[in-house]
Amino acid sequence: MATINFGGVKEDVVTREEFPMEKAREVLKDETIAIIGYGVQGPGQSLNLRDNGFNVIIGQRKDSKTWDKAVADGWVPGETLFEIEEAAKRGTIIQFLLSDAGQISLWPAIKQQLTAGKALYFSHGFGVTYNDQTGIVPPKDVDVILVAPKGSGTSLRRLFLAGQGLNSSFAIFQDATGRARERVIALGIGVGSGYLFETDFKKEVFSDLTGERGTLMGAIQGIFAAQYETLRSKGHSPSEAFNETVEELTQSLMPLVAENGMDWMYANCSTTAQRGALDWWKKFRDATKPVFEELYNSVAEGKEAARSIESNSQPDYREKLNEELKELRESEMWQAGSAVRKLRPNA
Ligand SMILES: NC(=O)C1=CN([C@@H]2O[C@H](COP(=O)(O)OP(=O)(O)OC[C@H]3O[C@@H](n4cnc5c(N)ncnc54)[C@H](O)[C@@H]3O)[C@@H](O)[C@H]2O)C=CC1
Ligand SMILES: CC(=O)[C@](C)(O)C(=O)O
Ligand SMILES: [Mg+2]
Ligand SMILES: [Mg+2]
């Protein structure tokens, strides 16, 4: 483990230098990794593992769109692509990558295949942490581990193909074999992580649910909408409002933040902008802090989990979700966005 100073707090992390791919392959050379589910994380993790030289099979319902997608990605029915139960039976490591709600109904079938010494792998602390709601209680004689890439499975794959990697957290809930640690780190490296930082299942799910509801997805859409609506109501055109709310942020300013931090982005803007941003950011922090407190408490009390399970277990959840996504897509702000994207010089 490398000890790194993160803003004054020292943390141990695992890097690819100290745990190279050859070592990961050596640790997992006798394992069959069964990826259950081929949604977003399934393809990203399984294709990266396969390209990195691991022994991988996929478990997916036949006659589904995702089965066809797996075939298109080069998985061969009867050789590397099986029905869920069959893949779980063959796997020594079972990567449970169904949606969190989907894991509940498939759990009894997976549990049956968890014979002594196998490893059960998650990419989220959800199922185990909220086991009062999910019923997921693993048998005592298997390893229970987690690698959670900090981003979309789509990005995990894209960055891998570009020779880069997404950072991931890892956690050990249960070490039955004495090999849980080397197994989980080897898997983390194998799926294409940048660096790995350690957490536990509960912290992973609490931070993840907060982040995606907060700045990563929920809060950002909320703050975009608030600013866009304000500008529009004061007579600004959609083009002006969209550029000042979203386009400039994603195309110009966020890449600078990603490269060298917020102060560097500020430093590359005018002194007028710097003055205003420095004056206003704390007001925005103070205004939203109570909402973040409310959000974290809702996560910690299990209310967010209950809401996800309840809505994602409905037979028509896809249609309902698509309606809500459509509402976003068809809003004036994102329609304006669509027009703006088409006008990008490289579009
Ligand atoms: N989407 C992402 O990029 C990330 C996801 N995660 C976690 O990874 C895990 C997998 O997530 P995603 O790939 O997003 O899942 P997903 O929502 O795309 O679903 C994965 C697969 O599960 C299948 N599925 C869903 N419900 C089912 C059911 N009742 N019966 C049979 N199959 C069912 C879907 O058809 C799909 O093939 C989850 O625990 C999630 O929280 C972690 C990091 C990022
Ligand atoms: C992509 C990711 O890490 C999320 C936002 O937490 C998720 O898809 O659940
Ligand atoms: Mg996440
Ligand atoms: Mg998440």
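# Two ligand shells and some annotated sites

Helix 5, residues 100–112, gives the most to the shell around ligand 1, with five residues. A helix here is a DSSP run of H or I with at least four residues, a strand is a run of E with at least two, and both are numbered from the N terminus.

Before I go on, the ground rules. This is a predicted model, in which local features need pLDDT of at least 70 and side-chain atom pairs count only at pLDDT 80 or more, while totals for chains, interfaces and linings use all residues. Residues are numbered from 1 along each chain as its sequence is written, chains are lettered from A and ligands numbered from 1 in the order in which they are written, and side-chain values use heavy atoms, with hydrogens and water left out.

Back to ligand 1. Its shell holds 20 residues, and the closest are Val40, Gln41, Asp100, His124 and Gly153. Being in the shell means having a heavy atom within 4 Å of the ligand. By class, the shell around ligand 1 has six nonpolar, 13 polar and one charged residues. In this scheme Ala, Val, Leu, Ile, Met, Phe, Trp, Tyr, Cys and Pro are nonpolar, Asp, Glu, Lys and Arg are charged, and the others, Gly among them, are polar.

Which backbone atoms lie 3.0 Å from an oxygen atom of ligand 1? A polar backbone atom of valine 40 does, and so does a polar backbone atom of glycine 153. For glycine 39, the distance from a polar backbone atom to an oxygen atom of ligand 1 is 3.4 Å. Taken alone, ligand 1 exposes 820 Å², and the protein buries 75% of that. These areas come from the Shrake-Rupley method with a 1.4 Å probe, and for residues only the protein chains shown count as cover.

Now ligand 2. Around ligand 2 are Gly151, Ser152, Asp208, Glu212 and Met217. That shell has one nonpolar, two polar and two charged residues. An oxygen atom of ligand 2 is 2.6 Å from an N or O atom in the side chain of glutamate 212, and for the side chain of aspartate 208 the corresponding value is 3.0 Å. On its own, ligand 2 exposes 260 Å², of which the protein buries 60%.

An unreviewed entry lists Asp208 and Glu212 under "binding site". UniProt positions are given in the numbering used here, feature names are shortened, and annotations may be inferred rather than shown by experiment.

Aspartate 208 is in helix 10, residues 201–213. Beyond residues up to four places away in sequence, aspartate 208 touches His124 and Lys150, where contact means heavy atoms within 4.5 Å. Glutamate 212 lies in helix 10 as well. With its neighbours within four places left aside, glutamate 212 is in contact with Met217 and Gly218. Is glutamate 212 buried, exposed or partly exposed? Glutamate 212 counts as partly exposed because its relative accessibility is 26%. The cut-offs are under 20% relative accessible area for buried, over 50% for exposed, and partly exposed in between, with a 1.4 Å probe and protein chains only.

The unreviewed entry also places "binding site" at Asp208, Glu244 and Glu248. They are spread over 41 residues of sequence and also spread in space, up to 28.9 Å between C-alpha atoms. Glutamate 244 is in helix 12, residues 238–260. Its relative accessibility is 48%, so glutamate 244 counts as partly exposed. Outside four places in sequence, glutamate 244 contacts Gln227 and Leu231.

The wider annotation is next. UniProt, again in an unreviewed entry, places "domain: KARI C-terminal knotted" at residues 200–347. That span is 82% helix and 0% strand, and its end C-alpha atoms lie 43 Å apart.

Then serine 298, in helix 14, residues 271–300. Serine 298 counts as buried because its relative accessibility is 12%. The side chain of serine 298 makes a polar contact with the side chain of glutamate 304, at 2.6 Å. A polar contact is a pair of N or O atoms within 3.5 Å; within protein, one must be able to donate a hydrogen and the other to accept it, and residues adjacent in sequence count only if both atoms are side-chain atoms.

Last, lysine 10, in strand 2, residues 9–14. At 64% relative accessibility, lysine 10 counts as exposed. Apart from neighbours within four places in sequence, lysine 10 is in contact with Thr3, Ile4 and Asn5.
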